[in-house]
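Here are my notes on the model, as numbered points. Please read them with the structure open.

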Amino acid sequence: MFGWDWMSQNFQLVMSGITSGCVYAIVAIGFSVIYNSTQVINFAQGEFVMIGAMVAAVLLAKFGLLVAFPVAILAGCLVGLLVALFVLIPAKKGSVITLIIVTIGASIMFKGLAQLFWGESAIPVPAFTGVKTAWGIEDRTFHILGAVIGAQDVWVVAVTALLVLGMYLFFKYALVGKAMRAAAMNSTGARLVGINVRRMIVISFVMASALGAVAGVTVAPVFYAKCNMGMALGLNGFCAAVLGGLGNFGGGVVAGILLGIVEKVFGGIWSDYREAISFIILLLILFVRPQGLIARKSRKG
Amino acid sequence: MCRKRFLLVLLIVAGLVIGLGGGMCLAAKKAPLAPYVIGAIFSTTGDNAPLGVPERETVDMLVKQINSAGGIKGHPVKVLFYDDAGKPEQAVQACNDLLADKSVVAIIGPTLTGPSLAIAGMCEEAKMPLISCAASVKIVQPVRSYVFKTAQTDSLAVGKLIEYCKAKKITTIGFINDSNAFGASGREQWTLLSAKAGIKTVALESFGTGDTDMTGQLMSIKAAKPQAVICWGTNPGPAMVARDMRKLGITIPLFMSHGIANKQFIDLAKSASEGVVFPAGKLLVAKSISGAQKKVLLKYAADFQKSCGKPANTFGGHAWDAFNLVVKAVSKVGPDHAKIRAAIEGTKGFAGISGTFNFTAADHNGLTKDAFATIIIINGKWTLAK
């Protein structure tokens with residue numbers, strides 16, 4: 001039973017789980033970036049991925065990667081800026097729960113607008129490094145240890161790794177990154193040393209949405225671009241963020257990838273209940289370890 | 001001077017009289033008869049908008065056609081559109097609105113099974129003719145006297161596929177379905193009818209509408225070693241099943257449902273769509289069929305392409321059938337609900353888009369499995385399967 005077949009089968013599931021896990025991880029980071037600076041859970045996070053995927057659907061086939069990526073980042077920044085300036089800051093006087101509901105409203109709005117612009121059906125998106133066939137551009141596949149992996153899956157993992165590394169360096173070394181961390185830890189203190197907390201909030205939204213958009217471009221060839229794709233990604237990313245400890249980037253990444261793998265392995269065993277699995281895990285973890293799988297290092301200070 | 005002014009006044013008065021009189025004369029000639037109002041509930045937003053949108057576009061087009069040809073015996077046709085977003089509670093709201101409006105002669109739609117079932121009882125009680133465009137057999141079984149449907153029942157599609165399996169001597173199947181109402185109902189019918197036909201289902205899996213990868217499910221199906229895979233769902237899930245089967249190197253035949261009866265499936269699955277077999281309404285292969293339906297199908301396909309700039313699909317066809325059944329009944333018996341109901345039930349040999357309808361008191365769908373053709377995708381084109 002635990003022979004070569006069993007090994008390669010599970011390896012296959014793990015590999016395909018990592019692809020969706022990477023997206024959950026990036027969405028989880030987005031949740032944490034915004035949570036850290038505002039204490040708000042931004043439920044429009046999944047829609048940022050959708051916007052990236054739509055940009056890819058429109059641009060990738062015609063203009064290629066070098067245009068699609070910058071435009072997606074720009075579109076993401078713009079959308080994040082709009083949400084921060086016109087939705088979040090005007091409503092800032094309300095309680096955190098009001099703001100969370102406002103983000104749900106924003107997410108419904110983005111979904112509706114996307115349906116208006118791009119229609120209601122899934123749109124095929126060409127793989128980054130695909131092969132041209134009579135049907136359009138199709139993904140290449142590799143065989144590793146009995147598992148089949150698409151070239152696009154490799155792209156997803158690579159882009160996620162780059163983003164995570166970039167975020168790490170930004171928060172560790174960049175002045176703005178440090179200021180954002182300071183504003184997150186103690187907003188009054190940060191204000192006292194001259195950090196513009198409001199600006200940090202805007203920057204955090206812009207960053208989170210740009211991150212989501214980049215993830216969207218990268219996974220669009222695998223997931224297809226669909227106006228209602230953001231909801232499921234957002235919820236799974238939220239699970240990952242909570243599992244990893246809200247506000248903890250490393251935790252979110254690990255939890256996201258784990259969640260993706262568990263989902264796939266479980267899908268192979270008992271597919272009828274596969275959609276519930278991330279939420280069952282979430283509930284269990286919240287009962288046992290409310291601070292998340294990977295507890296944040298002391299922020300009591 | 002004075003005379004001139006008098007003449008001017010006379011001229012103006014004369015002009016007014018003639019103008020008014022002429023106007024009144026015109027008005028009398030063209031006095032619009034009260035419009036016949038049809039209610040329409042479609043899922044034009046939400047997950048199932050790809051079904052609901054062409055239904056609405058079809059009805060929009062038909063209304064324009066019928067009104068520019070003088071309406072029904074001089075009465076213009078007016079359609080009140082409602083969007084239920086695929087949700088039963090919104091369909092109930094829309095239905096309440098339509099039932100309160102005394103001018104509504106009949107309701108067409110909803111697009112989906114859930115909303116249709118939610119309002120079927122309401123329409124029955126209010127004695128309002130309802131022609132649903134949804135798939136499930138439960139809408140018309142048990143029979144409600146005022147409730148009809150035009151979409152082919154899913155058991156007919158399952159029956160057609162079983163016929164094909166038998167012809168190809170396939171006795172073991174791995175079944176995977178969408179967890180939405182369409183997929184779940186297909187699975188129910190498959191389980192029921194395949195057992196009777198002696199076909200064994202060796203693996204039974206499902207996927208969610210938000211799923212992005214089918215590896216897990218397909219690995220378990222592969223492990224059960226069936227002779228073929230059947231996937232019952234609506235896009236994009238089935239495209240992912242086809243794509244991931246190809247990716248994982250699973251080469252057994254892949255059969256699907258009428259849920260993929262649109263170009264989108266081929267666009268999404270690309271080369272993996274090659275060789276996929278599915279039962280679907282004859283619209284897709286209109287050119288290669290014979291019989292009464294051929295002319296109707298070709299005209300609808302051409303009209304829709306012209307008016308909407310995209311190819312017609314079978315979902316829009318369900319609305320075409322529902323709308324025309326109502327129009328036919330109203331032009332025969334006028335706007336009386338009970339008479340419209342009886343006229344629809346009495347419809348025989350009506351060649352529509354979804355099939356040739358023969359309604360009876362016991363059958364309010366009026367179709368047989370011959371409403372379907374078995375289609376195979378070859379080189380990205382729909383072809384009649386042998």
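1. In which hand does H9(A) pass H10(A)? The crossing is right-handed. Note that this is a predicted model.

2. Geometry of that pair. Helix H9 of chain A covers residues 230–243, and helix H10 of chain A covers residues 249–269. Their axes come within 7 Å. They cross at roughly 130°. Angles over 145 degrees would count as roughly antiparallel; H9(A) and H10(A) are therefore oblique to each other.

3. Residues of that pair. From H9(A), the contact uses A:Asn236, A:Gly237, A:Cys239, A:Ala240, A:Ala241 and A:Leu243. H10(A) answers with A:Gly252, A:Ala255, A:Gly256 and A:Leu259. By class, six of the residues are nonpolar and four are polar. No charged residue takes part.

4. H10(A) also packs against helix H1 of chain A, residues 4–38. Here the axes are 6 Å apart, at an angle of about 145°. H1(A) passes H10(A) in a right-handed crossing. This contact has 16 nonpolar, nine polar and two charged residues.

5. Contact between the chains. Chain A puts in 33 residues and chain B 28. On the chain B side, four elements each supply at least two residues: helix H2 (49–68), strand S7 (200–207), helix H7 (215–223) and helix H9 (263–269). H7(B) gives the most, with five residues.

6. Helix H8 of chain B, residues 237–247. Is this helix enclosed or open? It is largely enclosed by the rest of the structure, because 11 of its 11 residues are buried. Charged side chains are on that list: the buried residues include B:Arg243, B:Asp244, B:Arg246 and B:Lys247. Also buried are B:Gly237, B:Pro238, B:Ala239, B:Met240, B:Val241, B:Ala242 and B:Met245. After H8(B) comes B:Gly249, with a positive phi near 75°.

7. Confidence. The model scores ipTM 0.85 and pTM 0.82. Chain B has a mean pLDDT of 90. In chain B, 92% of the residues reach 70 or more.

8. One stretch to flag. Over residues 19–29 of chain B, pLDDT stays under 50. For this stretch the model has zero contacts beyond four places in sequence.

Conventions
Residues are numbered from 1 along each chain as its sequence is written. Chains are lettered from A and ligands numbered from 1 in the order in which they are written. This is a predicted model: local features need pLDDT of at least 70, side-chain atom pairs count only at pLDDT 80 or more; totals for chains, interfaces and linings use all residues. Two residues are in contact if their C-beta atoms, placed from the backbone, lie within 7 Å. Axes are lines fitted to C-alpha atoms, for helices over the stretch in contact, and angles run from 0 to 180 degrees between N-to-C directions. Angles under 35 degrees count as roughly parallel, over 145 as roughly antiparallel, 65 to 115 as roughly perpendicular and the rest as oblique. A crossing is left-handed if the near helix is turned anticlockwise from the far one by less than a right angle, and right-handed if clockwise. A residue is buried if 20 or more other C-beta atoms lie within 10 Å of its own, exposed if 12 or fewer, and partly exposed in between; C-beta atoms are placed from the backbone. pLDDT is the predictor's confidence in each residue, from 0 to 100.
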